[in-house]
Amino acid sequence: MKKNLLYLFALICSVSLFTACSDDDEKTDDSWKAVSATYSAETLKLSLDGTEVSDQSVKVTANSAESASVDLTKLIPGEAEITVDAKMLKTGENYALEGENKTDLRTVSVKGAVESGILTLDVKLKITAPIAGTWKLAEIKKDENDSFVSGPLFMTWEAEDGTLLGGFLPIESIPALAGPLGSLVLGQVLQNVTFQDNGQIVASYSKSGISLDKPVTPSWETSEEGYAAYNVTETQILVFLNLEKIIAGSKSEQSSFDPLIELVKNGIPVNYEIASDGNSARVYIDKELVDKIVPLLPMLSGMIEDNALGGMGAFV
């Protein structure tokens with residue numbers, strides 16, 4: 001009996017020893033931790049909506065073998081930093097990443113992989129705000145006496161009664177002049193504006209010329225992508241101009257574009273209101289922005305060739 005108990009005790013000890021040795025030999029895969037890094041230059045291949053982007057960095061923080069956080073800094077217009085929660089999946093020696101950051105107005109998605117210490121990442125922006133889409137210019141409306149009632153361009157100028165511009169022109173008369181004349185000219189060069197869901201702005205424009213006294217038959221063309229991008233808030237469109245492309249079409253060399261760079265670096269704030277039926281919108285700038293633009297007009301007109309901006313230079 002004692003011998004049987006001794007054998008039983010020895011068996012239990014052997015099993016315990018075997019189990020302990022088995023635990024010691026089992027390896028834990030911690031390779032996912034190496035995904036955590038800030039990728040830039042040679043370790044980053046970054047694209048935004050399929051277009052290669054340089055001079056950027058992307059920080060990836062691996063939270064576990066299945067999830068990571070991807071920090072995008074100054075990549076999406078109007079957003080200093082975005083953190084995207086991504087799923088992480090190991091495939092061989094590589095780790096695939098995929099996720100999105102979604103608001104009521106836009107979705108930013110990422111998809112890519114870390115391979116041999118190099119992050120390849122494609123980022124996509126999709127604007128879901130109601131302003132996204134193609135907006136035609138409003139038609140000019142006249143009354144039974146053929147007098148101007150409304151059009152695509154409007155102006156509101158508030159001033160004290162009796163205020164004169166240049167010492168002779170009453171301020172209250174300026175909107176009455178700007179509305180009809182501006183609407184006539186605008187309708188001859190611009191057919192519609194499209195706020196694409198990828199954050200780009202394009203327009204249907206005409207280079208057939210303008211006239212205030214005879215009909216003009218427009219020949220409509222679509223402008224190129226890449227001159228203007230946008231993002232949105234609840235009440236504003238933030239317009240970002242590609243100054244490198246715009247300046248490339250300037251008429252003369254400019255020594256400094258600092259005032260213009262300062263104006264556009266954080267986006268040009270353009271207010272918008274969409275009608276309750278969703279079929280019409282008002283887009284306008286306020287006095288604060290006008291005060292910043294007016295001093296730049298001489299420089300802007302000297303910069304832009306008629307054929308610049310994808311053919312919209314003459315209009316601008």
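Which strand is Tyr95 found in? Select strand 7, residues 94–102, and Tyr95 is there. Helices (H or I, at least four residues) and strands (E, at least two) are DSSP runs, numbered from the N terminus. The model is predicted: local features need pLDDT of at least 70, side-chain atom pairs count only at pLDDT 80 or more, and totals for chains, interfaces and linings use all residues. Residues are numbered from 1 along each chain as its sequence is written, and side-chain values use heavy atoms, with hydrogens and water left out.

**The whole protein**

Show the whole protein: seven helices and 21 strands. Of its 316 residues, 33% are buried. Buried means under 20% relative accessible area, exposed over 50%, and partly exposed in between (1.4 Å probe, protein chains only). Contact means heavy atoms within 4.5 Å. Among contacts between residues at least 6 apart in sequence, 47% join residues at least 24 apart.

**Tyr95**

Go back to Tyr95, which is buried, with a relative accessible area of 5%. Leaving aside neighbours within four places in sequence, residues in contact with Tyr95 include Asp29, Ser31, Trp32, Met88 and Val114. Tyr95 and Ser31 are 64 residues apart in sequence, and their C-alpha atoms are 9.5 Å apart in space.

**Two loop residues**

Next select Asp55, in the loop between strand 3 and strand 4 (57–62). Asp55 is exposed, with a relative accessible area of 79%. Then select Ser116, in the loop between strand 8 (106–115) and strand 9 (118–127). Ser116 is exposed too, at 71%. Most residues other than glycine have a negative phi. Asp55 is not a glycine, yet has a positive phi of about 55°; Ser116, also not a glycine, has a positive phi of about 55°.

**Helix 2**

Select residues 174–189, which form helix 2. The expected span of a helix is 1.5 Å times one less than its number of residues. For the 16 residues of helix 2 this gives 22 Å, which agrees with the 22 Å between its end C-alpha atoms. Buried residues of helix 2 include Ile174, Ala178, Gly182, Leu186 and Val189. Among the elements that cover the buried residues of helix 2 are strand 12 (148–150), strand 15 (190–195) and strand 16 (201–206).

**An aromatic pair**

Rings of Phe, Tyr and Trp (its six-membered ring) pair if their centres lie within 6.5 Å; planes under 30 degrees apart count as stacked, over 60 as edge-to-face and the rest as tilted. The count comes to one aromatic pair. Select Phe195 and Tyr230: their ring centres are 5.2 Å apart and their planes are at 70°, so the pair is edge-to-face. Phe195 lies in strand 15 and Tyr230 in strand 18, 35 residues apart. Both are buried.

**The second largest pocket**

A pocket is an open set of points on a 1 Å grid over the protein atoms alone, where a 1.4 Å probe fits, with protein on both sides within 12 Å along at least five of seven lines; lining residues have an atom within 4 Å of a point. Grid points are joined across faces, edges and corners, and a volume is the space filled by probe spheres set on the points.

The second largest pocket has a volume of about 1,200 Å³. Select Leu48, Leu75, Pro77, Ala229 and Phe240, which are the closest to its centre of the 34 lining residues. Elements giving two or more residues to this lining include strand 18 (228–232), strand 19 (236–241) and helix 3 (243–248).
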